[in-house]
Structures are given as structure tokens and as C-alpha cells.
Amino acid sequence: MTTATTGTAAAKAGGNAGKPKPATMAQALQRAMRDAMAEDPTVHVMGEDVGTLGGVFRVTDGLAKEFGEDRCTDTPLAEAGILGAAVGMAMYGLRPVVEMQFDAFAYPAFEQLLSHVAKMRNRTRGAMPMPIVIRVPYGGGIGGVEHHSDSSEAYYMATPGLHVVTPATVEDAYGLLRAAIASDDPVVFLEPKRLYWSKSDWSPEAPAAVEPIGKAVVRRKGTGATLITYGPSVPVCLEAAEAAQAEGWDLEVVDLRSLVPFDDETVCASVRRTGRAVVVHESTGFGGPGAEIAARVTERCFHHLEAPVLRVAGFDIPYPPPMLERHHLPGVDRVLDAVARLQWEAGS
Amino acid sequence: MDSLQQRSSTVQEPPGAVTAHRHTPSPAWQPRTDPAPLLPETEPLRVLGTDAVADADPALLLRLYAELIRGRRYNAQATALTKQGRLAVYPSTTGQEACEIAAALALEERDWLFPSYRDTLAAVARGLDPVQALTLLRGDWHTGYDPHEHRIAPLCTPLATQLPHAVGLAHAARLKGDDVVALAMVGDGGTSEGDFHEALNFAAVWQAPVVFFVQNNGFAISVPLAKQTAAPSLAHKAVGYGMPGRLVDGNDAVAVHQVLTEAVARARRGGGPTLVEAVTYRIDAHTNADDATRYRADGEVEAWRAHDPILLLERELTERGLLDEDGRRAAAEAAETMAAELRERMNADPVLDPMEIFSHVYAEQTTQLREQAAQLRAELEAEGEA
Ligand SMILES: Cc1ncc(C[n+]2csc(CCOP(=O)(O)OP(=O)(O)O)c2C)c(N)n1
């Protein structure tokens, strides 16, 4: 795995004494692409509406103006075509960064993704790597109508050859996207759309160091149980951990950041310390990401566990209409209920 | 050494076997279909303002007029409802009403309509309850109507994916011996999707009774047609599949109605599919969430306002003496009544049962879903007690 460099702007930041300006996750992502494009002429951004409009979430805003339409391209409206063309571009030495407009609109591209993007290195015995980033705004909670709120991470996770990452903070959005673009392997980069407008006192003038893909991070220290989570559910878990404090639970929160590769080390170290774990995500539970995570943790930490690893997930239903989505999305209460169930006694 | 040009212009004495082989005609090759009759009009067909309009039935003209007025009012009302937060989003068809209305009026009751997410108005003009048509966009349920009731497939959000469905349904109807036609609507952007191509190919090979209706409104969100296709017109695409392409002025309600009616009749009598491209313009932004100033000039919109579908038809009706101030007022009042009723009904909060999220996943609930339903019921009860 390649370790990405920090932004060029870091060098210029020396004399910048002013307080950093709050930035949104969308701005951090945009900055990551801009820095990567400035440093490496082989980085190309493409997708539907990414040029003139700057993307429907404005994440690619200004890139076409700055780098020209050949480097930030409004493509015809065809996801299979976009990703298939990216495969050919990668074959010829470019590093395409592809935007899929919404989670459920990436599905037409699955043939290219599963049969070619994910397998090309393997089929060619390493001769033909696929340094493609596929950016997918995903998840619900923004009142989107049908087909605009899917959590599709399980499909990607189940496909060998793909990396799957998802930021939960503004800083990580920058760092992870830089690392994804620098990666010589395909990365499905899941952007939690309900966090696009979350802010941080993050300074685009001094981007944080970029960690390689594959490292989880402990967002909150605790001793009573570990909440294992990622993307849009990270703020939910942090809020739940604060609320649990009042009830005597001291919860640790692990933000996975990367689903593939999976950081067994950080996760298991935490679970061994706390002896209890709940996996939290908004994707469906049955056959969902939590199933894999709970199984791995059980396999590795069985003798340290005081209770079964529990899952708090979205219901096993197609994503509901916006007026009902709050009943589907796992919120603080469902996390706290699960934590209460961790006082598990054998035989009960 | 010979340049390539010189060599290719040397006709006598082919220098070798390769060249000789190149000159051997393919055995018995013939075009499967003569492309000439499949080619679309050289310019979008116009009826209004031409001599051809003399043939138009006055009753049809008046019907189209009333529907256009009602349609425009519906667009305005639905857009207003987004500003009041009553709708999550509304993709307006202001400026495209002639296409929407003609689509609905070209069909018989037994036919099927396969609308895209933008085609609320076509569904309403076909008789769907205006509130049910907006359910998807209000957010209470994905499809707020029973598709069988008016033979309107769900308003389809993933682009072009409903087109193969239309082919399959039409094919099935024919297999059953029913003379049912499917009209499938798609935007200019949607024609780039693989599903568009696959649907057209299936329809042509099966000679399925389908009409593909492209509303070319100039943009796919921000992307202009020039970045979507290099074809002379979208209607030209038909030739490659072996079906006729028709090009029509999408703001001329009479022309669109005529072309669609012909295509539907042709499909019904076993003539196979047609691809119709209507050239029109999206006056409003893509949706209320879009900022159209980022990608288009104001002047362009003004030019299209002068070519407004209502204006074009109104001129004709007035010149013919079919429409006067009273007629105009009557149409406007009918539209206003519809809007007032829509406003009133949409201003009532929908009564939703959260438990319904488990009701339609399978014909019979799985054990897991029954457990999850019990969990939600308990949560709701606890909420109620709190
Ligand atoms: C498969 C798919 N990809 C992307 C989108 C997101 N999207 C919604 S509308 C739209 C533009 C559609 O343009 P066009 O087909 O011209 O229809 P119009 O909106 O102009 O009616 C896009 C890209 C989608 N709905 N489905």
C-alpha cells in the first residue's frame, strides 16, 4: 500500500498564524482532489455533473476551472461507461477518480466494478493494476427520495480486490481520499452524505498527515464496552457514549475508517480491554457488514468476551421513504439498548 | 516509398494477395433493413403555424389547451409546495407540458405508461390522483398508487431502467394476444445509459409494441446535449436498432400528439417499436435543489419562453376563433380549482403507520422481519408512554 504524501499546501502554511477556518467534509474532499491533481498530472476526475456544476454536492467544485475539462470531465450519463472507461484509462497509466452521483446509481456499473476493476490485477498476475477511486455518496438521513439513501458497503466488501473506506471526520475525509488516490489498487470511497456539511476547525492550509488505508482509530477511550462503527454512525456512537456515561457505562468508540482492509489489531485490542462489543451501522443487519465484524471479533477475542458481540443495524428492509427513515436508522436509543443487553449472563 | 494515399489510389495491378482479398465482396451481404424509411425528419416536425394544422380536430385542440393550462398550474403548485416544505423535491416540467400531455392522450385506457421520475404530469393527465402522484416526492411512500389502476408503472428514479420493463410488458401482452401498447418515457441524458440501448434492441428484435419517447429538454442536470451524444439527433439512434426514428417539436402539442398517436397505432397493429425524440426545453431548474445559473445563460431561457407550448397553441386557437377571453378564463379557473384542491390536500399531514416499513418486503414476512417489527412496535409504545 502506498502512503500518500501530505498536501503541497502544507509547505506554504509556515507563516499562517491565523486561526484555522472551519471547513466542511465536502470542502476537505474537494481539497484532497485538488492537491492530488496539482501534484500528479495522471489524476483525472470524472463523472456526471462533476465539471461545470461541481457535482450535485459540489464536492468537485472548481476542479474543471482549475485543471481543464480533460482533467475534470462531465461524462455522458452512463455509470457502466464511466467506470469501464476508467478501467481503460488506468490501463494506460492514468489514475481516474470517478464520482457515482448517488449510492443506488452506482449499480449499473457493478459489472465493470466486480468483473474488471476488482479482478484486473489478479487476472494479469499483477501486470495491470487498477489505481481507480470510486467515490460514492452513501447512506440516508437527509430526507432523500427513493434510491438516494442506500448503504451499499456490504456489496463492495464482499468483492475481493476492492478496498473500501469511509471517513467520519473532516480531517479523515482529506487524509483518506489522498491515500485512496495514491493507492495502486481500486478504492471504493464511501462518502457519508449526511456528514457532508459537518464542520471542523480543519485548515485546508495545513492538511493533516495522511495515514495509509487500513487503520482504525479509537475516537473515545472507555473501559466498559467497545462500540465498533464507521462513517455516518460514528457521531451517533459518540453521542451514545456520552449518554451512557450517566448510566455508568464507560464506552470506547472505534471508528473503522477502512472496512477493507480490516484493522483487526485496533479493534481486537479494544475489545480485549473492554470485554464487550457492539457493532453499529445503518446498513441492513442480515448479511451486512456487522455480521463479518462480529464473527471476526468472536474468533479472535472469544476468551476475553463477557457477552456475545451484538449488532445494531438498519432493519432488513429496502430503505424506507424519507418520512419513515428515522424508524429505520439506528439512533442513540438503539445503541443504548444494545449496551444494556451486554450485561449478559450465560444461560439467560 | 509510396504514401498511403498514392497506394490506395492505384487501382490497377493489386500488389498482393492481401489487397486482392480486401476487394472480395462479402458473400451475399445485404442490409437487413433499408435505413432510409427509418430515418427521422430532417427538422423537428411542426404542425402549429403550418398548413398541416388545418387537419387538426378542433375538439382535440381545445382538449390539449385545457390540459396544458392545468399542467402548467400543477407544475407551479407543486413547485410552491417544495418552498413550503410540503414536498422534499419537485422536478418541474414547465415548458415541457406539451410532451407530458400528448404522452397521456396518445394512449388508450388499456395501454401502459412507463414514466421517469420527472413525468408526474403525464401520470396526472392520464387520470392519476394528483396527490398520489406526489407521494414519492413528499416522502410518505415510494409509489403512492397501484400501478394496475391506471396502468402507470412506478415513476422511475434510476435512469432508463424502466425501458426494458416497458419492452417486457408489451411483449408479454402480445404473447397473451392483447393489443396493448407500452409508452416509455426517458430524458435526453437517460439515452446514454446501457439500459436504453438494450431496451431498444430487444424491442426491435422482438417487434414489441413499444413507443420510446425521449423528451430532449437540453440538459441532464447540468450537462448539455452536446456532451451527451454526438449523434445528429437522438431520433437517429433508432436506425441502428432497425426501428423508425421520429423527430418532433416538443413544444407543439399537436405535432407531438400526432407523432405519438401514429407510433402507438403502428405498434398496436404489429408494426413494432418507434423511437420519438421531442425537442423541448426545461424552463425551471433540474429540481428546486439545483442552481441552473451555474450552467446556462438567461438569454437561452428567454428564447424558449417565446416558443412556449401554451403560447403556440393559444395563438392557433385564437386565430381560428376557437378561443376567446371567456374560454381562456374558463381554462384558468378550472386549473385554479385543481391547484386549490391540491394545495389543501397537500397541506394536511399524511397519516403514516411506521409499522408499514415491514409490510411489503416479502409476500410473507420472514422470521427476522417479524422480530424487527416487534422491536419497532415496542419502541413506538415506549415513545407513546414517554
Ligand atoms: C442511473 C442513474 N444515474 C444517475 C442519476 C441521477 N440523476 C437524476 S436525474 C439526472 C439527469 C437526467 O437527465 P435527463 O435524462 O436528460 O432527464 P431530465 O432530468 O432532463 O428530465 C441524473 C444524472 C439517476 N437518477 N439514475
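Is A:D172 buried or exposed? Buried, with a relative accessible area of 10%. Keep in mind that this is a predicted model.

Let's stay with that residue. A:D172 pairs with A:R219 in a salt bridge, and their closest N and O atoms are 2.7 Å apart. A:D172 sits in helix α8 of chain A and A:R219 in strand β9, so the bridge ties together parts 47 residues apart in sequence. The arginine, A:R219, is partly exposed, at 28%.

Over all chains, the whole structure has 42 salt bridges. Here is another, in chain A. A:E66 meets A:R34, with the closest N and O atoms 3.7 Å apart. This pair also links distant parts of the chain: A:E66 is in helix α3, A:R34 is in helix α2, and 32 residues separate them. A:E66 is partly exposed, at 44% relative accessibility. A:R34 is partly exposed too, at 25%.

Next, a pair of neighbours in numbering. A:E299 and A:R300 join their side chains in a salt bridge, 3.7 Å from N to O. They belong to one network of salt bridges with shared partners, which also takes in A:D264, A:E292 and A:R296. A:E299 is exposed, at 63%. A:R300 is partly exposed, at 35%.

Now chain B. Helix α8(B) covers residues 163–175, and its axis comes within 8 Å of the axis of α9(B), crossing at roughly 20°. That makes the two helices roughly parallel. The crossing is left-handed.

Helix α9(B) runs over residues 194–206 and holds B:W206. That tryptophan is partly exposed, at 33%. With B:F202 and B:V205, B:W206 makes a nonpolar surface patch of about 300 Å².

Definitions and conventions. Residues are numbered from 1 along each chain as its sequence is written. Chains are lettered from A and ligands numbered from 1 in the order in which they are written. This is a predicted model: local features need pLDDT of at least 70, side-chain atom pairs count only at pLDDT 80 or more; totals for chains, interfaces and linings use all residues. Side-chain values use heavy atoms; hydrogens and water are left out. Patches are made of residues with over 30% relative accessible area and no salt bridge: like charges are joined within 9 Å, nonpolar side chains (Val, Leu, Ile, Met, Phe, Trp, Tyr) within 5 Å. Accessible areas come from the Shrake-Rupley method with a 1.4 Å probe; for residues, only the protein chains shown count as cover. A salt bridge is a side-chain nitrogen of Lys or Arg within 4 Å of a carboxyl oxygen of Asp or Glu. Helices (H or I, at least four residues) and strands (E, at least two) are DSSP runs, numbered from the N terminus. Buried means under 20% relative accessible area, exposed over 50%, partly exposed in between (1.4 Å probe, protein chains only). Axes are lines fitted to C-alpha atoms, for helices over the stretch in contact, and angles run from 0 to 180 degrees between N-to-C directions. Angles under 35 degrees count as roughly parallel, over 145 as roughly antiparallel, 65 to 115 as roughly perpendicular and the rest as oblique. A crossing is left-handed if the near helix is turned anticlockwise from the far one by less than a right angle, and right-handed if clockwise.
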